[in-house]
Amino acid sequence: MSFLKEIERRRTFGIISHPDAGKTTLTEKLLLFGGAIQEAGAVKNNKIKKGATSDFMEIERQRGISVATSVLAFIYKDKKINILDTPGHKDFAEDTFRTLTAVDSVIVVIDVAKGVEEQTEKLVEVCRMRNIPMLVFINKLDREGKDAFDLLDEVEQKLGLRVTPMSFPIGMGYDFKGIYNIYDKRLNIFSGDNKQNISAGIEFNDISNPKLDEVVGEKAAETLREELELIYEVYPKFDNTEYLEGKLQPVFFGSALNNFGVKELLDAFIEIAPKPQPKKAEERWVDSKEEKLTGFVFKIHANMDPKHRDRLAFIKIVSGTFKRNAPYLHVRNGKKVKFSSPNTFFAEKKEIVDESFPGDIVGLHDTGNFKIGDTLTEGEHLNFKGIPSFSPEHFRYVNNADPMKSKQLSKGLDQLMDEGVAQLFTLDMNGRKIIGTVGALQYEVIQYRLEHEYGAKCSYENIHVHKACWVEAEDTKNEEFKEFKRVKQRYLAKDKQGQLVFLADSSFTIQMTQSKYPTVKLHFTSEFQ
Ligand code: G4P
């Protein structure tokens, strides 16, 4: 197959949702369609369970297994589908944000009864900022839930999206009769049996056809006709370009558990979803059709076996063909590197691959040379942008608990931070180190991994910080900036990239600081240029 055809057939996306909306179930059903797994339950076993917050060993075990599910690939109707796993657990939100830099589109799953939830809001906001094409799947229609129109309103208002329904439910919960697919004008009748042979649906080009009354009953047919009329009047028509530009979001309804509406979603998805997209590097835009290889690291996974310290760096290929044993430039450290056993991911298996194409993810064995955000090229000095750090929610001093092992501690901290487990800040005043995390759980994980993987011991000490603000000075030489630095000296630190950070103790302090020093801008993310 030609290089261009390989690009054309790839669809790389992530599924995002608030925990429990049905992301894992949907993923699994998509894999079943692709013939990639034989039975339901396979992916689910790898899920980090919501109750696991107090049991981080369990999370570590799950994390180990989840290497295999980081990327789930399968072929469906000759399209190569790559689903990138995004942890729903809020303590791993930063992982999800980073993964979103490697997808070309996303599917947002919403629980019909719960509507738009907090985690969905946060994730969709990140996608919206990046104009990532989004498709919405409203799940659990077999249960009583919110009225479909109310839900569409909620999606528009809370998520700031502009929606167009591509399918519409007939009834809900106990009365759920099926779904009318506006997109391909077909009616699917719900039988409530998840082992059903998925029927192709009944074609209803004209819903005034009296056969509809026979199939779903007179009352339901009448309601559907009225609802569709309203939809055609109120909502914009689907437009593929608008969807691809992130300006319009198609909505589907269904029930992942019952395998209902999933095939329709997948069929529409492969038709409308974007193929591998161009990506912006600091120097220029890179198009997927360029023949020279470029790619970037968006995730690093540590080996769970302490005897083998190597890690797996996940690279998203942006352009060109990735070849086994070919020399590539690791742009940040300026070294040529070769990979003799790059991994590809297929369903739940990891295999050595000779060639990979734009949109694909390759896993590279790494002994500590890669950091999140690193770029690989065939020689060009390119740096892909867009892997920001967000202000952590929790902050603690980290102390060395075994003076004989200070080297091990700093190496361990260094590598764990490169993996993106947490963020490290070094106070300007005294060089003390502070670890910032999204969830409190990471502190246990770090302590455990330092001990088991690096032989180092650490202890923590509380510090009162509300937010880390990245500092941007209009003029680093003006008096205002000098005064800011002098007055706030005790609260200034450097992040791992050497950027100046102000550790503010309250939102009031942030407000006061902003009004007192208007030429000093404070940002909650490291990427503001
Ligand atoms: P997540 O990955 O987004 O966290 O959600 P997950 O797929 O694990 O689904 C959360 C719960 O919702 C699961 O039930 C799952 O079976 C259920 N679910 C998913 N899709 C549907 C649907 O279409 N209809 C209904 N009625 N339920 C659905 P659980 O009891 O928490 O887990 P389990 O015991 O079934 O594994």
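**Ground rules.** I'm working with a predicted model, where local features need pLDDT of at least 70, side-chain atom pairs count only at pLDDT 80 or more, and totals for chains, interfaces and linings use all residues. Residues are numbered from 1 along each chain as its sequence is written, and side-chain values use heavy atoms, with hydrogens and water left out.

**Helix pair.** I looked up helix 11 (residues 406–419) and helix 12 (residues 441–454), whose axes lie 10 Å apart at an angle of about 120°. Helices here are DSSP runs of H or I with at least four residues, and strands are E runs of at least two, numbered from the N terminus. The two helices are therefore oblique to each other (under 35 degrees is roughly parallel, over 145 roughly antiparallel, 65 to 115 roughly perpendicular, the rest oblique). The contact residues split into 7 nonpolar, 3 polar and 3 charged.

Next I checked the second largest pocket, with a volume of about 1,200 Å³. My method note: on a 1 Å grid over the protein atoms alone, a pocket is an open set of points where a 1.4 Å probe fits, with protein on both sides within 12 Å along at least five of seven lines, and lining residues have an atom within 4 Å of a point. Of its 44 lining residues, Val126, Met129, Arg130, Pro388 and Phe390 are closest to the centre. Helix 5 gives the most to this lining, with 5 residues.

How values were computed:
Axes are lines fitted to C-alpha atoms, for helices over the stretch in contact, and angles run from 0 to 180 degrees between N-to-C directions. Ala, Val, Leu, Ile, Met, Phe, Trp, Tyr, Cys and Pro count as nonpolar, Asp, Glu, Lys and Arg as charged, and the others, Gly among them, as polar. Grid points are joined across faces, edges and corners, and a volume is the space filled by probe spheres set on the points.
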